[in-house]
Amino acid sequence: MLPRLSDIPAPASLHAEFLSELRLRGFEGDLAPGYGDRVVSATDNSIYQLLPQAIAFPRTTEDLVRIARVAAEERFKGLVFAPRGGGTGTNGQSLTGGLVVDVSRHMNRILEINTEERWVRVQAGVVKDQLNAALAEHGLFFPPELSTSNRATIGGMISTDACGQGSCLYGKTSDHVLELTTVLLDGAVWTSGPLEDEALRPVQRRTDLVGAVHRLVDTIQREQAGLIASHFPKLNRCLTGYDLAHIRDAQGRFNLNSILCGSEGTLAFLAEAKLNVVPIPKHAALVNVRYGSFDAALRDAQELIRFGAASIETVDSKVLGLAQDDVIWDSVRSYFPEDNGERATGVNLVEFVGDTEAAVEEPLARITAALNEYGQVRGRRGFTVARGEVDVNAIWDMRKKSVGLLGNMQGDARPIPFVEDTAVPPENLADYIAEFRATLDARGLAYGMFGHVDAGVLHVRPAINMKDKARERLIRDVTEDVVRITQKYGGLLWGEHGKGVRSEFSPRFFGPLYPTLQSIKAAFDPGNQLNPGKLAAPEDGELLRIDGLPTRGQLDRTIPPPVRAAYDEALHCNGNGACFTWDPDEAMCPSYKATRDRRHSPKGRASLTREWLRQLAALGFDPAAEAAALRCRPGWRTYRERLRNTLARRRGEPDFSHIVKDAMDGCLACKSCTGQCPIKVDVPTFRAKFLELYYSRYTRPRRDYLVGALESMLPPIGKMRSAYNLWLGSPPGRAMMRALGLVHTPKLSPINMRRELAHRGIADATPEALSALSAEERARSVVLVQDAFTSWYETQVVLAVLDLMQALGFRPFVAPFRPNGKPLHVHGFLGAFTRAATRNARMLQALAAAGVELVGVGTSMTLTYRSEYGMLPKADRPPPVLLVQEWLARHQDAIPRALRPGGEYALLPHCSERSLAVSSLRDWQAAFAAAGASLRVLPSGCCGMAGTYGHEAEHRDTSEKIYAMSWGPLVAKCAGDGRLLATGYSCRSQVKLIDGKMLPHPAHALLTCLRGG
Ligand SMILES: Cc1cc2nc3c(=O)[nH]c(=O)nc-3n(C[C@H](O)[C@H](O)[C@H](O)COP(=O)(O)OP(=O)(O)OC[C@H]3O[C@@H](n4cnc5c(N)ncnc54)[C@H](O)[C@@H]3O)c2cc1C
Ligand code: SF4
Ligand code: SF4
């Protein structure tokens, strides 16, 4: 039986006191001292893991002032703080053993947009893409680009002086900062911007921290201008983190923001920013040049730069290869064809932008003429051109996803960031990279590379198994080599992502200016409380060292390898934060978007599961072995013990498993993470494994048994559906469902399917009936695989699919109904699931033996055969079961053209379809096109229903909140004329429930087209 995990460390007493004091002072935000919150905030995208004592989520600038004032009190002088935004830092920037101050949850409002003067005022927790979405309608955007733009905050971007693709044209974040409102450590709120000397003088006379820092920084600029000029490299990326070179701007004005931008949360809390924004270029094109070697791509970039490109990005073969296995490939594949059966080993993406077509077309014509004329010189193999927002953005999205994709390399050695953003003068890049590669090759390390060749910044993540103690040493060895090579080529170790734990190299790069950085740090933060050890340490203090912090690998290695392998879907989360995406029209992750609570995200659930496995390992408990034993043991034997444990839980007996369970409960099992997380962290799979074990110790809610058994119960209930529906709609029926924790339980379809099948002359599929067909007949036959939900709740959809098959000239058979097992899997009845799945797979195997294609109607149930059924032994797995659209795509020639043009339709796909079978969305489009209609697939999030989730009483509110974020507005906008379609049964139920509209299934719409309706 799963043991109780009683090791739930509470925050240190001084931190607990600090939180109480904050509450007393009227702190309005959330304070989270719980172990679950702490574990989830213990990582960023770096290799490190540092458990904070608690997390504060301020709601207002006043809350930040409260934190600063209380922290300044003598008794709390020993406490340290790390401000945090999206938590996407790659070098431990927002990690601390003290208190995390996370502004992303509440301080995320866009305060003002001034289109005339082209600036915006935002709170620090606003996400970059959130800002750009609001600006888009004004034709404006905030240009510094970064791969994490859908979750990185403006506060984080300013604090790391972020930039990326397009930096040569648009500059870095600091180039667009007009004013910053910060809270200094004495509680002063100060808005900094360029100051003429007359304005500076009164500020310098102030007696608070504001006065002190202005006096010091001005003196530094006046007294050390020469030293600074000689030491700061003349690179696009400059030397961020107290940028001494720009204390005076081009007009000679004093600007404290040069020091604050890039200061990585070591000087003050950033509350608000006023930012410069620029017009969105109206035209863009991307030339995608393929090469026979990555070195050729790097060297050719210097040639291509002459054509006046806005940016040049490069990607190597490793990244391209990984992109091919990702959902993203579908949207870009045509731009990266193979050359004589070989994939390119390097690619340059050359972008042209302009406000007029001519501004783009003219340089485009020159570059393409040159590429055509000189053909395959310089290792070039060929090129493609992408035009238009959709295609250009799809390629940039693929490039943005590169680093995440690298994390998806298989095996224990995974690419990790520690030397991932070096910058050298672009003309040195190819030679520099050759040496860089040599040092990695000499150690036999695998790696992928991509980056901004125009700015001389290349992203390199060597693959190292950090769970192997002997390999850990490579962090120091490789870094020392890279520091040496980078300095040799006149570059910087931190070209883009900031310093964080790598600050130990600050003295080496800043040389005689390092004491100046120390004086700045001391002036802003006299008690060394903000992110200590980063950027600059006090005279008697120490900088963090790259091998001085606990790593995730060190903790993970305490989990025995077989257990790690059994929970592979959770272990490899690298914290890149893609699951925190702000975009409501992205499928991942509805539970996070609705709660803004990071425990309720794929990363949160993966982090808690890793900690759970670690704690189990410490007790010598093997969860995989226990799960296997459980599946052979009848549950009733342990009922009394489970009941005792459940009562103890009610009395408040602590168990870390409860913390994990709470996080798992919020998951909709929508499968979006399974397909969309770049690492393919698959929450529904490890959630099911967790629930199975959790309920070996505690009793299950009755509702789980009901839902788990639903598929088996539907055939008998269906025989008396009128009575059942009547009862369900009656007060006692509703009360009973409510008592079980179910709301809005759907009624069964009134259609008698057997009668309808007989009416259509459709026979049952049996191995005998199918094998009796001639080869010709089999080629024109098809087997419809039933699922519980469409067959009993949406019989009309099943009939529409059958009618469609007949309209295409096929003879459909209907497979006997067998429970598919998906509800059992979702609720962690893995033993029962395995049995149901095995039985079902055997039946499907017998039917498939005749060579007739199998087609499933319910999207999510059909995709279960490809996903959850993967846990069956290979021999027991089912044959391919096609989605309706996949089958249609195979038989496009059979689709008769409609009598009259079918017009335009729009589709809201099911989450699992978007994540696990993304290319099948094109199949729908092809089928509609063949029938003379068009189909637009709308970008959309989750509908919030996800099987039973939206029917569970405790989740109903969240379910509706999720619906309101993406589906609600889309349904309101597009559902008026019956041309908005949805593939998922759950999704259609949700729309009907909330908006009272029936969205047709695409099969219905296709039939209507074919019938000329
Ligand atoms: C996959 C991946 C790709 C990346 N690509 C890029 C890229 O293309 N370009 C790039 O520049 N970076 C990139 N990064 C690094 C990272 O995304 C950026 O540094 C980003 O700006 C961090 O923003 P954040 O909101 O996540 O900040 P966090 O990681 O939360 O914090 C970053 C730093 O800012 C400080 N901070 C945050 N908010 C505040 C505040 N309100 N007040 C004071 N200090 C604060 C923190 O203390 C910390 O030191 C990448 C990271 C990943 C994981
Ligand atoms: S779950 Fe996936 S997307 Fe989220 S942080 Fe982990 S690896 Fe990144
Ligand atoms: S299955 Fe859906 S709700 Fe659950 S973690 Fe994954 S994306 Fe989030």
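**Ligand shells, strands and salt bridges**

The shell around ligand 3 divides into 10 nonpolar, 2 polar and 2 charged residues. In this classification, Ala, Val, Leu, Ile, Met, Phe, Trp, Tyr, Cys and Pro are nonpolar, Asp, Glu, Lys and Arg are charged, and the others, Gly among them, are polar. The model is predicted: local features need pLDDT of at least 70, side-chain atom pairs count only at pLDDT 80 or more, and totals for chains, interfaces and linings use all residues. Residues are numbered from 1 along each chain as its sequence is written, chains are lettered from A and ligands numbered from 1 in the order in which they are written, and side-chain values use heavy atoms, with hydrogens and water left out.

Ligand 3 is surrounded by 14 residues (a heavy atom within 4 Å). The closest are C589, R605, C667, C670 and C673. Four helices each supply at least two residues of this shell: α24 (590-595), α25 (602-618), α29 (672-676) and α30 (683-697). Helices are DSSP runs of H or I with at least four residues, strands are runs of E with at least two, and both are numbered from the N terminus. C589 itself is found in the loop between α23 (568-571) and α24. A cis peptide bond joins C589 to M588. Its omega is about -15°.

Ligand 2 is surrounded by 13 residues. C573, N576, G577, C579 and C677 are the closest. By class, the shell of ligand 2 has 8 nonpolar, 4 polar and 1 charged residues.

Strand pairing was then examined. Strand β25 (residues 903-908) pairs with strand β26 (residues 933-937) in the parallel sense, over 5 bridges. A pair needs at least two DSSP bridges between the strands. E904 stands opposite S934 of β26. β25 also pairs with strand β27 (residues 980-982), again in the parallel sense, over 3 bridges. There, A906 has L980 of β27 as its bridge partner.

Side chains of opposite charge can pair when their charged atoms come close. The structure holds 75 salt bridges (a side-chain nitrogen of Lys or Arg within 4 Å of a carboxyl oxygen of Asp or Glu). One of them joins E313 and R399, at 2.7 Å from N to O. This pair links distant parts of the chain, with E313 in strand β13 (residues 311-316) and R399 in helix α14 (residues 389-400). They are 86 residues apart. Both E313 and R399 are buried. Buried means under 20% relative accessible area, exposed over 50%, and partly exposed in between (1.4 Å probe, protein chains only).

A further salt bridge forms between D556 and R610, whose closest N and O atoms are 3.1 Å apart. D556 lies in helix α21 (residues 552-556) and R610 in helix α25, so the pair ties together parts that are 54 residues apart in sequence. D556 and R610 are both buried.

R649 and D662 also meet in a salt bridge, at 3.7 Å from N to O. Because R649 lies in helix α27 and D662 in helix α28 (residues 656-665), this pair ties together parts that are 13 residues apart in sequence. R649 is partly exposed, with a relative accessible area of 30%. D662 is partly exposed too, at 38%. Elsewhere, D30, D37, R59, R105, D597 and R599 form one network through salt bridges that share partners.

Helix α27 also holds R640. R640 counts as exposed because its relative accessibility is 68%. The C-alpha atoms of R640 and T699 are separated by 9.2 Å, although these residues are 59 residues apart along the chain. Together, Y639, L643 and L647 make a nonpolar surface patch of about 250 Å². Patch members have over 30% relative accessible area and no salt bridge; like charges are joined within 9 Å, nonpolar side chains (Val, Leu, Ile, Met, Phe, Trp, Tyr) within 5 Å. Areas come from the Shrake-Rupley method with a 1.4 Å probe; for residues, only the protein chains shown count as cover.

Backbone angles complete the account. N528 is not a glycine, yet its phi is positive, at about 50°. N528 is found in the loop between α20 (514-524) and α21. K680 also has a positive phi, near 65°. K680 lies in the loop between α29 and α30. At a relative accessible area of 23%, K680 is partly exposed.
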